[in-house]
Amino acid sequence: SGGMACSRFEYVKNYEQDDSVLPNVWIVIRLDGKGFHKFSKAHDFAKPNDVNALNLMNIAAVTVMEEFRDVILAYGQSDEYSFIFRKETNVFNRRAAKLLTYVTSLFTSAYVFNWNHWMQNKTLHYPPCFDGRVVLYPSDQNLRDYLSWRQADVHINNLYNTAFWNLVLQSGLSNQEAEAELRGTFSADKNELLFTKFGINYNKLPPMFRKGTILLRKRVKISDHDSLNRQLIVPVHDDMIREKFWKDHTELLGKYKPGDYETTFDGLS
Ligand code: ATP
Ligand code: ATP
Ligand code: MG
Ligand code: MG
Ligand code: MG
Ligand code: MG
């Protein structure tokens, strides 16, 4: 229809809430797979980490970043992904529901769209879905702490899961026995157990498992003759808790001054 106004029914439009978010704050959208404990079982994911399933998540996130140019960084681990929109973004007039639903549905459809390619045509038994939330962070330090929080989470979970699944798959313990074995242990104990029992140096495991995946936009010169700089979306598996990451990628926070965000927590151990 469109054009001039309209019917006597049109007043119902006024019942829609204005949900545009504050100006000048970081907008973070985090998605998380619903019931992926079950989903990963039903689809026979390798434990503790199915590389293909992680890459499928990464490809779905790249699809979102290709669509939304204002996402400066995305961070994924396990069945979750966070998208960081630049503070000044005006996409959808910063309307929360529009942002959240577009990102969540595009991510989900890209996950399903690319399933066969990344999961070797494994039968998809039911449609996966993802929940989503919008969180606003006023300061750069808040944003960094958010990303540190998610990265600390993958560290804690992955160390536990690696120990757990080695006890189950290598030592033949039951799930309950493995759980009991790990109850009350600290990080150092789990590192020690992995090394002495299974000869695994935890720090040598693939960085994608230990650190998750950070998607960044980078300008890349394709060849020496090429005056053309192409923008690519590049996956890295660096430690965002360390100061170094933010020094290596000063463009992310814009008006970054060295020392402004010095953190006393020197990475993960
Ligand atoms: P926006 O992103 O703003 O929603 P849009 O192109 O989706 O843009 P709508 O106002 O939502 O615009 O209209 C949907 C359009 O999709 C219709 O104008 C029509 O052209 C097309 N369309 C949707 N469903 C059908 C259908 N079953 N058969 C044919 N055309 C359809
Ligand atoms: P909820 O609906 O509350 O999020 P959930 O079952 O999805 O429940 P999460 O805390 O989100 O619980 O954990 C996701 C689970 O999915 C992990 O515990 C892990 O078992 C599984 N999982 C996700 N990705 C992978 C992967 N790449 N390889 C193996 N397992 C995975
Ligand atoms: Mg959840
Ligand atoms: Mg989940
Ligand atoms: Mg999760
Ligand atoms: Mg439409």
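This is a predicted model: local features need pLDDT of at least 70, side-chain atom pairs count only at pLDDT 80 or more; totals for chains, interfaces and linings use all residues.
**Overall fold**

- The secondary structure of the chain consists of nine helices and six strands, these being DSSP runs numbered from the N terminus (H or I of at least four residues for helices, E of at least two for strands).
- Taken along the principal axes, the box filled by the C-alpha atoms of the chain is roughly 75 × 50 × 45 Å.
- Of the 269 residues in the chain, 22% are buried; a residue is buried if 20 or more other C-beta atoms lie within 10 Å of its own, exposed if 12 or fewer, and partly exposed in between, with C-beta atoms placed from the backbone.
- Among contacts between residues at least 6 apart in sequence, 68% join residues at least 24 apart, a contact being a pair of residues whose C-beta atoms, placed from the backbone, lie within 7 Å.

**Domains and their contact**

- The chain is divided into domain 1 (16-149 + 206-269) and domain 2 (150-205), with bounds that come from an automatic or database domain assignment.
- The C-alpha centres of domain 1 and domain 2 are 27 Å apart, and the contact takes 19 residues from domain 1 and 13 residues from domain 2.
- On the side of domain 1 that touches domain 2, the elements giving two or more residues are β2 (71-77), α5 (140-169) and α8 (207-211), and the largest share, four residues, comes from α5.
- That side of domain 1 divides into ten nonpolar, six polar and three charged residues, where Ala, Val, Leu, Ile, Met, Phe, Trp, Tyr, Cys and Pro count as nonpolar, Asp, Glu, Lys and Arg as charged, and the others, Gly among them, as polar.

- Helix α3 (residues 96-113) has 18 residues and reaches 25 Å from its first C-alpha to its last, close to the 26 Å expected at 1.5 Å a residue.
- The buried residues of α3 are L99, L100, V103, F107, A110 and Y111, and seen down the axis of α3 they fall within an arc of 120°, so they line one face of the helix; the arc is that of the directions from the helix axis to the C-beta atoms.
- Among the elements that cover the buried residues of α3 are β1, α2, β3 (80-85), α4 (115-118) and β4 (130-137).
- In α5, the buried residues include L143, R144, L147, Q151, V154 and H155, and N158, L159, T162, A163 and L167 are buried in α5 as well.

**Backbone details and single residues**

- Most residues other than glycine have a negative phi, and most peptide bonds are trans.
- The peptide bond from K47 to P48 is cis, with omega near 5°, and P48 lies in the loop between α1 and α2.
- N24, which is not a glycine, has a positive phi of about 60°; N24 is placed in the segment before β1 and is exposed, with 7 other C-beta atoms within 10 Å.
- Q120, also a residue other than glycine, has a positive phi near 50°; Q120 is found in the loop between α4 and β4 and is exposed, with 8 other C-beta atoms within 10 Å.
- I200 lies in the loop between α7 (187-198) and α8 and is partly exposed, with 17 other C-beta atoms within 10 Å.
- Not counting residues up to four places away in sequence, I200 touches N166, L194 and F195; the C-alpha atoms of I200 and N166, which are 34 residues apart along the chain, are separated by 9.8 Å.

Methods
Residues are numbered from 1 along each chain as its sequence is written. Chains are lettered from A and ligands numbered from 1 in the order in which they are written. Two residues are in contact if their C-beta atoms, placed from the backbone, lie within 7 Å. The expected span of a helix is 1.5 Å times one less than its number of residues.
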